[in-house]
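Below is what I looked up, entry by entry.

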Amino acid sequence: MAATTLAGSCLTGLQVRKSVTGPRSRTIPRVVARAADAHRLNQAFSETPFDGFKFSPITEHQVSRAMTRRYFKDLDEYAEADVIIVGAGSAGLSCAYELSKHPDIKVALIEQGVAPGGGAWLGGQLFSAMVVRKPAHNLLDELNVPYEDEGDYVVIKHASLFTSTILSKVLQAPNIKLFNATAVEDLIVREDAMRGKYVGGAVTNWTLVSLNHDTQMCMDPNVLESKVMVSSTGHDGPMGASGVKRLQKLGMVNTGIPGMAALDMNTAEDAVVNNTREVVPGMVICGMEVAELDGCPRMGPTFGAMFMSGQKAAHCALNSLRRQDALQQDLAAKQSSSGAAPEPVAA
Ligand SMILES: Cc1cc2nc3c(=O)[nH]c(=O)nc-3n(C[C@H](O)[C@H](O)[C@H](O)COP(=O)(O)OP(=O)(O)OC[C@H]3O[C@@H](n4cnc5c(N)ncnc54)[C@H](O)[C@@H]3O)c2cc1C
C-alpha cells in the first residue's frame, strides 16, 4: 500500500521494476531505488538553513573578561544593597518581582542552588499541575501565565510555566541581581540606640565552599550589606529555614522554632500570609519559613500563599526602608538644630 502512494508522488523517476499481486488481487508496484537515485535524494533532503555556519570570531580572553568583569562589577555594586532576598523559591521570586516595580531600589537575590526556583518546578509530589487559590491568581494575570479557572482556585498546566515566567521577569529587571550558587552562611547583626539589634546584611560563600568547610582549611566568606533582608529559605531541611534558625541561636527571636504543624489547607495559607512580617529590625520573613517560625499548619501543594507572602514581604521591606529614611531625617533635623554633625542611624 505504501509503495503505491510513494510511486505516485515523491519517488517519481525511480525505476518501478515490477508489480506484485496483493492478497485481494490488487496490483502493488514494487519500487526499488537504485544507488544513484538514493544518493540524489539523500542530498536533496539533507540541507538545513544552518549548513556552512560560521560564528563571528572571538578570543578566549574576551569570553573570560565578558563574564568576570560584569560579575565583579555586580559584586562591587551590590556590596551595599537596599534589599537582600535570601532564597529564590516561589516566595522569594514573588518578592523580587514585586520589588522590580520599584527600580530605584537595589535588590540582591541570593540562591544557594545553581538553579533558582526552589520547590516550584512541580505542583506536588511529582505531578505537573500547580494549584493556586484565589485571589493569588491576580499575580498570574499580571504575569500573563495561562490557567484553567476552577471557581475558587485556578490550575496552571505545569508549575514550571509559572516559575520560568516569573524568573524571566525578575532576571530582566535592571534593579535585581541574582547571585546563584551562593549560600548565605550567616547574618551581619549590629546594634544602635534607635533600633536595638538589627540585621544589616548577609555573610556569603560559594555554595560549594559552604558544603566543604569540613574538608578544607578555613575559607573566609564574603559580605553584602543590606538595609533590609527578606528571608525566604523555605521549610526546615539541610539549609532550609536558615534565617530564623540563626535568629534563634542569636537570641533575637523569643520563641523556639516549632516547625510547620500538620496539614490543613484552609487555615495554613491565610496564616502564612498574615504572619509574613519584619520579624526583627532589618529582617522580613516569608514563604514556608514563616510556618517554621510560627508553627502554622503546612498547606501541601497549593502555592497561593507563597506568591502572596512574597508580595507582602516586598511591601514590608519597602515600609522598613521608609521607616529608616524617616529615622535618619529626624536624627539629622535634631542634630542640625542642636548644631551637632549628623550621624548615620543604621546600615
Ligand atoms: C518535605 C517537604 C514538605 C513540603 N511541604 C509543603 C507544605 O506543606 N506546603 C507547601 O506549600 N509546600 C510544601 N513543600 C513544597 C515546597 O517546598 C513549597 O511549596 C514551596 O516551594 C515553598 O516555597 P518557599 O519559597 O518558601 O521555599 P522554597 O521553594 O523551598 O525555596 C527556598 C529557596 O531558598 C534557598 N535557600 C535556602 N537556604 C539558603 C541559604 N542559606 N542561602 C541561599 N539560599 C538558600 C533554597 O535553595 C531554595 O531555592 C514541601 C516540600 C518538601 C520537600
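**Entry 1: the annotated cysteine**

I found Cys218 in the loop between α7 (207-210) and β11 (222-231); helices (H or I, at least four residues) and strands (E, at least two) are DSSP runs, numbered from the N terminus. This is a predicted model, where local features need pLDDT of at least 70 and side-chain atom pairs count only at pLDDT 80 or more, while totals for chains, interfaces and linings use all residues. Residues are numbered from 1 along each chain as its sequence is written, and side-chain values use heavy atoms, with hydrogens and water left out.

I checked UniProt for Cys218: an unreviewed entry puts "modified residue: 2,3-didehydroalanine (Cys)" there. Such annotations may be inferred rather than shown by experiment. Is Cys218 buried or exposed? I noted it as exposed, because its relative accessible area is 70% (buried is under 20%, exposed over 50%, partly exposed in between, with a 1.4 Å probe and protein chains only).

**Entry 2: Val223**

Next I looked at Val223, which sits in strand β11. Val223 counts as partly exposed because its relative accessibility is 44%. Leaving out neighbours within four places in sequence, I listed Ile188, Ala202, Val203 and Thr204 as its contacts (heavy atoms within 4.5 Å). I also checked Val184, 39 residues away along the chain from Val223: their C-alpha atoms are 9.2 Å apart.

**Entry 3: the largest pocket**

How much space lies in the largest pocket? I wrote down about 930 Å³, the volume being the space filled by probe spheres set on grid points joined across faces, edges and corners. A pocket here is an open set of points on a 1 Å grid over the protein atoms alone, where a 1.4 Å probe fits, with protein on both sides within 12 Å along at least five of seven lines; lining residues have an atom within 4 Å of a point.

Of the 42 lining residues, Gly118, Gly119, Thr233, Gly234 and His235 are closest to the centre. The elements giving two or more residues to the lining are α4 (90-99), β4 (107-111) and β9 (182-192). β9 gives the most, with three residues.

I traced an open, antiparallel sheet of three strands, in the order β5-β7-β6; two strands pair if DSSP finds at least two bridges between them. β5 (130-133) and β6 (148-149) are the edge strands, each pairing on one side only. I followed β5 against β7 (residues 153-156) and noted four bridges. For Val132, the bridge partner in β7 is Val154.
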